[in-house]
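Below are some friendly notes to read alongside the coordinates, as numbered points.

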Amino acid sequence: MRIIPIYASAGITGFESPAAEYSQLGLSLDELLVVHPSATFIGVAKGDSMQGVGIFYGDLLIVDRQETARHGDVIVANFNGEFVCKILDKTHRMLLSSNEQHQPQPIHDYDNFTIEGVVIRSIRCHRQSPLLADI
C-alpha cells in the first residue's frame with residue numbers, strides 16, 4: 001500500500017502534489033484496521049446518537065468481538081432485540097449517547113442485553129460504496 005501524506009489545515013488554498021513523494025509500507029488496510037480478523041465484523045451506523053464521538057449516519061463500524069468491553073467504550077449491543085451503538089457506562093449500567101438529544105438508557109435486569117463487540121474503529125465514506133448500496 002502506498003501512503004501519501006497530506007498535511008493541510010483549514011484556509012490553505014493549495015499544496016504541493018501529494019504524489020510528488022510517497023512512501024510504501026508493507027501492510028494492508030485489513031492489517032491496519034483489524035486486530036482480530038476472525039472475531040471482527042463491519043456494521044453501518046444509523047441515526048445521530050453518536051455524533052459527539054465522530055460516528056455519523058452511514059459510517060462503517062469495525063467491531064471486535066474478542067475485545068472485552070470496558071467502562072466508556074463505544075460498543076455494539078443487542079438491546080431488547082435491536083442492535084444499538086452506544087457508550088457503555090458499566091458503573092451505572094446504562095447505555096449512553098454522545099448526542100444530548102438522546103436520553104441515557106438504563107439496562108434493567110429484565111432487559112435482553114448482550115454486548116456484540118467493541119467498536120475499535122469507524123470509517124467515514126465520502127462517497128457511498130457500490131458494495132453498500134443495498135444496506
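1. A word on terms before we start: a residue counts as exposed when its relative accessible area is over 50%, as buried when that area is under 20%, and as partly exposed in between. Asp109 has a relative accessible area of 74%, so Asp109 is exposed. Please keep in mind that this is a predicted model.

2. Let's take the sheet next. Seven strands form an open sheet with antiparallel pairing, in the order S3-S4-S9-S5-S6-S7-S8. Strands S3 (40–44) and S8 (105–106) are at the edges with a single partner strand each, so one side of each has no neighbour in the sheet.

3. How many aromatic pairs does a search of the whole structure find? The search gives one. The partners are Phe79 and Phe113, in an edge-to-face arrangement with 6.3 Å centre to centre and 70° between the planes. Phe79 belongs to strand S5 and Phe113 to strand S9 (residues 113–123), so the pair links distant parts of the chain, 34 residues apart. Phe79 is buried at 11% relative accessibility, while Phe113 is partly exposed at 22%.

4. On to charged side chains: the structure has three salt bridges. One of them joins Arg124 and Asp59 at 3.1 Å, N to O. Arg124 is in the segment after S9 and Asp59 in the loop between S3 and strand S4 (60–64), so this contact ties together parts 65 residues apart in sequence. Arg124 is partly exposed at 38% relative accessibility, whereas Asp59 is buried at 2%.

5. Another salt bridge is formed by the side chains of Glu116 and Arg65, at 2.8 Å, N to O. Glu116 lies in strand S9 and Arg65 in the loop between S4 and S5, 51 residues apart. With a relative accessible area of 14%, Glu116 is buried.

6. That brings us back to Asp109, whose side chain meets that of Arg93 in a salt bridge of 3.9 Å, N to O. Arg93 is in the loop between S6 and strand S7 (94–96) and Asp109 in the loop between S8 and S9, so the pair connects parts 16 residues apart in sequence. Arg93 is partly exposed, at 41% relative accessibility.

How values were computed: Residues are numbered from 1 along each chain as its sequence is written. This is a predicted model: local features need pLDDT of at least 70, side-chain atom pairs count only at pLDDT 80 or more; totals for chains, interfaces and linings use all residues. Side-chain values use heavy atoms; hydrogens and water are left out. Two strands pair if DSSP finds at least two bridges between them. Helices (H or I, at least four residues) and strands (E, at least two) are DSSP runs, numbered from the N terminus. Rings of Phe, Tyr and Trp (its six-membered ring) pair if their centres lie within 6.5 Å; planes under 30 degrees apart count as stacked, over 60 as edge-to-face and the rest as tilted. Buried means under 20% relative accessible area, exposed over 50%, partly exposed in between (1.4 Å probe, protein chains only). A salt bridge is a side-chain nitrogen of Lys or Arg within 4 Å of a carboxyl oxygen of Asp or Glu.
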